Amino acid sequence: MNTNTINTEQTAIIEEVKQGYFGEFGGMFVPPVLEPKLLKLAEVFDELKEKKEFIKEFYYYLNQYVGRPSPLYYAQRLSDYVGSKIYLKREDLNHTGAHKINNTIGQILVAKYMGAKEIIAETGAGQHGVATATVAALFGMKCKIFMGKKDAERQQLNAYRIKLLGSEFITTDQGTATLKDAVDAALGYYIENPDSFYILGSAVGPHPYPSMVRFFQSVIGTEARKQILEQENRLPDSIFACVGGGSNAIGLYSGFIDDKNVKIYSAEGGGDGLIPGRTASTLVMGKPMVFQGTYSYCMSDDDGNPIDTYSIAAGLDYPGVGPEHAFLKESNRAEYHCVTDKEAIEAFKLLSSLEGIIPAIESSHAIALAMKLLKNKNEVSIINLSGRGDKDVDRNMI
Ligand SMILES: Cc1ncc(COP(=O)(O)O)c(C=O)c1O
């Protein structure tokens, strides 16, 4: 089912839901069949996040299963090379190799509490698919993962892992066969199968997902703040993250948003540069509109229809972006930059050879931006290393 139609269907707006807005962005723009499900989810999540037992269980799995806290590693050779003091928040060291597992642990606990019988999820780079298939195995739940065919081909290792973990793996060849189409396929299934529980992988989509994903990923920012204060005895001058939908970024930023002196820099998947159809730099080139259940920025044509995007990084190759990022951009609290494939590949190679750390191609965008903006600045800075690059090594980038 093609759910593009629901994205722009203004009649389905739930006007009264003021919760879930970041400034003017956010909300719950869904067809009537999804309204009660999402309102129930919002209600349950609001209750659970205040419950000590729930938080204790969440942290139990983060510590014992994911391996948190992740280190804040001082990257000496990268720092010398760039001319600033750079720390890497090592989300790549989490079980399954990226930040996505923080969110899937949280959401599967919500699903368990709600008595869900089946889990579904979309995936782009495959990291969220792997993280969801992992927690479904951990809790013995049936699971379906939707992935665009193009992404399944360029992230074969993760496609294999999802199947090995026991999930049903469903590819779609709709549209550009990338993340947007995987979200459409998962949303379509969700609408038709009301008993399923949708574990959404980024801080996007209708309320309560942007708030819920932020909550579960905020562990990154909470840890990083404590760690930098321990190691440097001060806050950083700047922080960096890559932005696809925006979950690893909002997780890190949440620890520093109120510290007005900490500059926030975001790297979008710039593809070939700012050319329509050849980039996924949504907050640089897109416009505000309703897309996949939320009012945020989206890459669109003059008639307001979403357009194709392109980035070498499957996890950044998405025309939308989380509503809180739209708000952070418009309020000038965070900057958003277009980082091209070429720049990301350079950073991918550089971090590997300088530090012995192979970053995910998504995370390499954040490293590339930091290398550019921190050159000889002598700043103290944190880059979120959102994932590891095993999934990208067979892509002939050297
Ligand atoms: C390693 C990694 N980093 C970043 C992203 C982008 O997602 P988000 O912007 O939600 O953090 C992905 C998405 O798959 C990813 O796998």
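**Close-up 1. Residue classes in the shell around the ligand.** In this predicted model, the shell around the ligand is made up of 13 polar residues, seven nonpolar residues and one charged residue. In total, 21 residues surround the ligand. Ser202, Gly244, Ser247, Gly315 and Gly387 are the closest of them.

Close-up 2. Two or more residues of the shell come from each of helix 6 (127-138), strand 9 (238-243), helix 11 (247-253) and helix 15 (361-373). Helix 11 gives the largest share, three residues. Both domain 1 (22-58 + 100-209) and domain 2 (67-98 + 219-395) take part, with at least three residues of the shell drawn from each.

**Close-up 3. The open sheet with strand order 7-6-5-8.** Four strands make up this open sheet, and their pairing is parallel. Strand 7 (168-172) and strand 8 (196-198) are the edge strands, each pairing on one side only. On average, neighbouring strands of the sheet are turned by 25° against each other, direction ignored.

**Close-up 4. Pairing of strand 5 with strand 6.** Strands of a sheet pair through backbone hydrogen bonds, either parallel or antiparallel. Here strand 5 (residues 118-123) and strand 6 (residues 142-148) run parallel and are joined by six bridges. Ala121 has Ile145 of strand 6 as its bridge partner.

**Close-up 5. Helix 9 on the sheet strands.** Helix 9 (residues 179-192) lies across strand 5, strand 6, strand 7 and strand 8. Relative to strand 5, helix 9 runs at about 160°.

How values were computed
Residues numbered from 1 in each chain as written. Predicted model: local features only at pLDDT ≥ 70, side-chain atom pairs only at ≥ 80, totals over all residues. Near = placed C-beta within 6 Å. Nonpolar A, V, L, I, M, F, W, Y, C, P; charged D, E, K, R; others polar. Domains from an automatic or database assignment. Pairing = 2+ DSSP bridges. Axes fitted to C-alpha atoms, helices over the stretch in contact; angles between N-to-C directions. Contact = placed C-beta atoms within 7 Å.
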